[in-house]
Amino acid sequence: MSHPSSEFAVRNPILPGATLGVLGSGQLGRMFAIAARRMGYRVHVLSPDSDTPTGQVADVEVRADYLDLDAVASFARGVSVVTFEFENVPAETAAAAERHAPVRPGFHVLHTTQNRLREKTFLRDAGFPVTPFSPVRAPGDLERAVAARGLPAVLKTADWGYDGKGQKTLRTPADVAQHGPAFAGAEAILESFIDFECEVSVIVARGLDGQSVAYGPLWNEHRNHILDLTTSPAALDPKLAAEALEIALGVCRRLELVGVLCVEMFVGRDGRLMINELAPRPHNSGHYTIDACVTCQFAQQVRSVCGLPLGSPRQHTPAAMANLLGDVWSPGPPRWDAALAFDQVNLHLYGKLAPRPGRKMGHLTAMADTPAAARERAVAARAALLATGS
Ligand code: AMP
């Protein structure tokens with residue numbers, strides 16, 4: 001089946017009442033499904049699991065392997081558009097879906113962002129600032145890359161990386177000898193270690209007609225390579241903030257993205273911005289938009305993939321988001337009443353049953369008169385969750 005031209009699609013948006021399909025069933029799909037259902041859409045989800053964060057709130061949960069292409073085809077036949085909530089959807093899956101329904105963002109965006117080497121090469125060649133990197137594909141490449149980049153450096157697998165998975169910081173030649181072999185056999189990338197001032201992200205939504213809106217820059221703090229806190233607005237020099245927005249909007253245009261894209265960046269100690277990573281979907285750093293913005297990142301995903309006008313990204317209150325990992329459960333059942341006793345704090349839980357350490361189980365959003373006060377409130381509310389044994 002060939003899909004209508006984007007001009008036709010803009011004139012004929014997918015309207016409330018239609019069914020939207022999402023590949024992947026984690027918390028991002030859940031919050032997409034909640035936004036879609038609030039606007040009167042039906043939602044079908046496909047993933048290899050059941051009783052999932054997305055499935056719990058979707059109209060239909062299909063349990064199938066992503067490579068079960070008959071199941072994917074029949075899923076796509078039942079929806080008006082297919083989107084995804086994680087970028088590692090296999091190429092064959094996206095292609096099988098695309099034969100029956102538009103897939104937004106398109107496969108070319110998935111293909112570019114699924115692999116760190118492809119992503120960084122695309123960005124560098126298009127003139128966007130990225131962390132300096134060298135490919136590591138064959139024996140001897142790692143030594144050459146270390147010679148070119150120097151130490152410390154960060155070695156990452158090219159595929160299937162997120163939240164610091166599949167990466168190792170190499171500080172000494174002994175580290176290279178010790179950890180290099182674990183990366184042999186698969187494509188990898190060696191990046192210069194960036195002694196950054198801070199990490200920021202910008203989230204952009206872009207419609208079928210090319211209209212774009214942006215959130216940020218947002219200030220992100222990580223712990224053990226996993227996002228811990230996001231504060232918005234970020235306390236950034238206005239010129240640098242404008243530059244970060246310009247870069248993110250430029251990347252979206254260049255990718256001809258239809259959907260939502262997060263651009264994660266380092267702010268170097270010399271005040272230069274460098275892109276670390278792209279995610280072609282709503283992002284953990286944008287969860288505050290649910291509570292603090294006129295239109296949240298998930299509602300923008302719905303609007304953009306349906307060919308509708310985008311909403312205002314305007315933030316009405318300074319806000320901060322604190323992630324709740326499974327570790328919060330370690331001392332005992334979290335004290336939800338203690339966190340919810342805080343003024344202007346909202347709780348979001350994803351419906352995951354097993355609170356394993358490091359697993360994203362939910363988040364808190366705190367609002368206040370200033371970003372710093374919101375951050376302080378989010379941290380305090382999260383601390384209050386911890387059972388103390390008293
Ligand atoms: P990633 O999985 O690439 O998003 O990395 C997760 C986190 O690891 C980042 O948010 C940074 O805190 C850290 N990190 C990744 N790459 C680098 C780098 N080249 N230099 C310094 N820190 C890094």
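User: What should I know about the numbering and the model before we start?
Analyst: Residues are numbered from 1 along each chain as its sequence is written, and side-chain values use heavy atoms, with hydrogens and water left out. This is a predicted model, in which local features need pLDDT of at least 70 and side-chain atom pairs count only at pLDDT 80 or more, while totals for chains, interfaces and linings use all residues.

User: How many residues surround the ligand, and which are the closest?
Analyst: The ligand is surrounded by 17 residues, where a residue is near a molecule or strand if one of its heavy atoms lies within 4 Å of it. The closest are Lys156, Ile194, Glu199, His225 and Glu277.

User: What is the distance from the side chain of Glu277 to an oxygen atom of the ligand?
Analyst: An N or O atom in the Glu277 side chain is 2.7 Å from an oxygen atom of the ligand. For Gln167, a polar side-chain atom lies 3.0 Å from a ligand oxygen atom, and for His222 the distance from a side-chain N or O atom to a ligand oxygen atom is 3.3 Å.

User: How much of the ligand does the protein cover?
Analyst: The protein covers 95% of the 480 Å² of accessible area that the ligand has on its own. Accessible areas come from the Shrake-Rupley method with a 1.4 Å probe, and for residues only the protein chains shown count as cover.

User: Which elements give two or more residues to that shell?
Analyst: They are strand S6 (153-157), strand S8 (188-192), strand S9 (196-206) and strand S13 (273-279). Helices (H or I, at least four residues) and strands (E, at least two) are DSSP runs, numbered from the N terminus.

User: Which domains does the protein have?
Analyst: The assignment gives domain 1 (4-103), domain 2 (132-192) and domain 3 (196-385); such bounds come from an automatic or database domain assignment. The shell around the ligand draws at least three residues from each of domain 2 and domain 3, and the C-alpha centres of these two domains lie 29 Å apart.

User: New topic: where is His225, and is it buried or partly exposed?
Analyst: His225 sits in the loop between S10 and S11. At 44% relative accessibility, His225 counts as partly exposed, given that buried means under 20% relative accessible area, exposed over 50%, and partly exposed in between (1.4 Å probe, protein chains only). The phi of His225 is near 70°, a positive value in a residue other than glycine.

User: What about the phi of Glu256?
Analyst: Glu256 has a positive phi of about 50°, although it is not a glycine. Glu256 is in the loop between H9 and strand S12 (259-268) and is exposed, with a relative accessible area of 58%.

User: Why is helix H11 described as largely enclosed?
Analyst: Helix H11 (residues 297-305) is largely enclosed by the rest of the structure because 8 of its 9 residues are buried. Among them are Phe298, Gln301 and Val305. Gly307, which follows H11, has a positive phi near 75°.

User: Which residue's side chain does Thr83 join to in a polar contact?
Analyst: The side chains of Thr83 and Gln301 are joined by a polar contact of 3.3 Å. A polar contact is a pair of N or O atoms within 3.5 Å; within protein, one must be able to donate a hydrogen and the other to accept it, and residues adjacent in sequence count only if both atoms are side-chain atoms. Thr83 is in strand S4 (residues 81-84) and is buried, with a relative accessible area of 1%.

User: And where is Tyr350 found?
Analyst: Tyr350 is in the loop between strand S15 (345-349) and strand S16 (360-367), and is buried at a relative accessible area of 2%. A polar contact of 2.6 Å joins the side chains of Tyr350 and His363. Tyr350 and Thr54 are 296 residues apart in sequence, yet 8.4 Å apart in space, C-alpha to C-alpha.
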